[in-house]
Each structure stands twice: as structure tokens, then as C-alpha cells.
Amino acid sequence: MVVIFRFLFLCAALFSAAAGALIIGSLFIPGLTPPGQFIVVSLVVSFVFLGMAMILFGIQKHVNAIAAFANGDASESPPELVTHVKRLLACLLPAGILLCVTLGGMAYGILTRIGQGFAVFG
């Protein structure tokens, strides 16, 4: 279950980072530069995506560390910790699936918009 969790949150983090990078990249395509107010919107949205990617990388890293500790030597970890970690993963897996699908769709939409010859915003 931990491997699936790590994979989903890694994919979601990569989709989020890709969306942020694509929005910033769309500002540099010649002839597609949007008006001034849309540049600010593009930068704010891209920084939100990049911040979300950093948070997702952190969640994945720390949950993996907790799971490794919980699966370690029984004398070091209380038995309740294993139960709590499994429940935490069970709660976070559906959220990871939804987040991965949503961010993947958004990244696809951004690529489609750029492919049509338009800036993402504007």
C-alpha cells in the first residue's frame, strides 16, 4: 500500500510541477504573450502549482518515513502506530487518486491550449 501511495503522490507532484512550468513557459512563446494583468495571474497560478508540488513531495517523503518506522523493529514502535499508519494511508490513497487525475487533466488542458497557439491565460 505504501508503494502505491508513494507512486500516486509522486505522480501528482510531478503533474503539479509540470503545470506550473508549462504556465511559466507559455509566457515565453513568441507572439503569445498575454496582456499585463494576465502575466501576473499566470505567475501567481504557476507559483501555486509549484508550491503544491513541494507540499506533495513532502507528504510523500514523511508518510514513507513513518511507514518505514512502523514496519521496523517491534520494540521501537508501538503496535498502535502500525494501525494508525495503515488507516492514514487508506484515507490518503483516494485523495491521491483524485489529485493525480485532476492535475493530470489540468496539465493536459494546458498543453492543449499551448498547442492551439494560445497563452494559457489571456
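K86 is exposed in this predicted model, with a relative accessible area of 52%. The residue belongs to helix α3, which covers residues 79-115. The chain holds three helices and zero strands, and along the sequence they follow the pattern α-α-α. The radius of gyration is 19 Å, well over the 14 Å that the globule rule gives for 122 residues, so the chain is more spread out than a compact globule.

**Whole chain**

- Along its principal axes, the C-alpha trace spans about 65 × 20 × 15 Å.
- Of the 122 residues, 30% count as buried.
- The accessible surface of the chain is about 7200 Å², and carbon and sulfur atoms account for 76% of that surface.
- Taking contacts between residues at least 6 apart in sequence, 77% join residues that are at least 24 apart.

**Helix α1**

- Helix α1 runs over residues 2-26 and has 25 residues.
- From the first C-alpha of α1 to the last, the reach is 36 Å, close to the 36 Å expected at 1.5 Å a residue.
- The buried residues of α1 include V2, F5, L8, F9, A12 and A13.
- Further along α1, S16, A19, G20, I23 and S26 are also buried.

**Helix α2**

- Helix α2 takes in residues 36-70 and has 35 residues.
- The distance from the first C-alpha of α2 to the last is 51 Å, close to the 51 Å expected at 1.5 Å a residue.
- Buried positions in α2 include S42, S46, F49, A53 and L56.
- Q60, V63, A67 and A70 are buried in α2 as well.

**Surface patch and F57**

- L10, L14 and F57 form a nonpolar patch on the surface.
- Together these residues have about 240 Å² of accessible area.
- F57 lies in helix α2.
- The relative accessible area of F57 is 34%, so this residue counts as partly exposed, between the cut-offs of 20% for buried and 50% for exposed.

**K86 and A67**

- K86, in helix α3, and A67 are 19 residues apart in sequence.
- In space, K86 and A67 are 8.3 Å apart, C-alpha to C-alpha.
- A67 is buried in α2, whereas K86 is exposed.
- The value of 52% for K86 is over the 50% cut-off, which is why the residue counts as exposed.

Conventions: Residues are numbered from 1 along each chain as its sequence is written. This is a predicted model: local features need pLDDT of at least 70, side-chain atom pairs count only at pLDDT 80 or more; totals for chains, interfaces and linings use all residues. Side-chain values use heavy atoms; hydrogens and water are left out. Patches are made of residues with over 30% relative accessible area and no salt bridge: like charges are joined within 9 Å, nonpolar side chains (Val, Leu, Ile, Met, Phe, Trp, Tyr) within 5 Å. Accessible areas come from the Shrake-Rupley method with a 1.4 Å probe; for residues, only the protein chains shown count as cover. A salt bridge is a side-chain nitrogen of Lys or Arg within 4 Å of a carboxyl oxygen of Asp or Glu. Helices (H or I, at least four residues) and strands (E, at least two) are DSSP runs, numbered from the N terminus. Buried means under 20% relative accessible area, exposed over 50%, partly exposed in between (1.4 Å probe, protein chains only). The expected span of a helix is 1.5 Å times one less than its number of residues. The radius of gyration is taken over C-alpha atoms; the globule rule is 2.2 Å times the number of residues to the power 0.38. Contact means heavy atoms within 4.5 Å.
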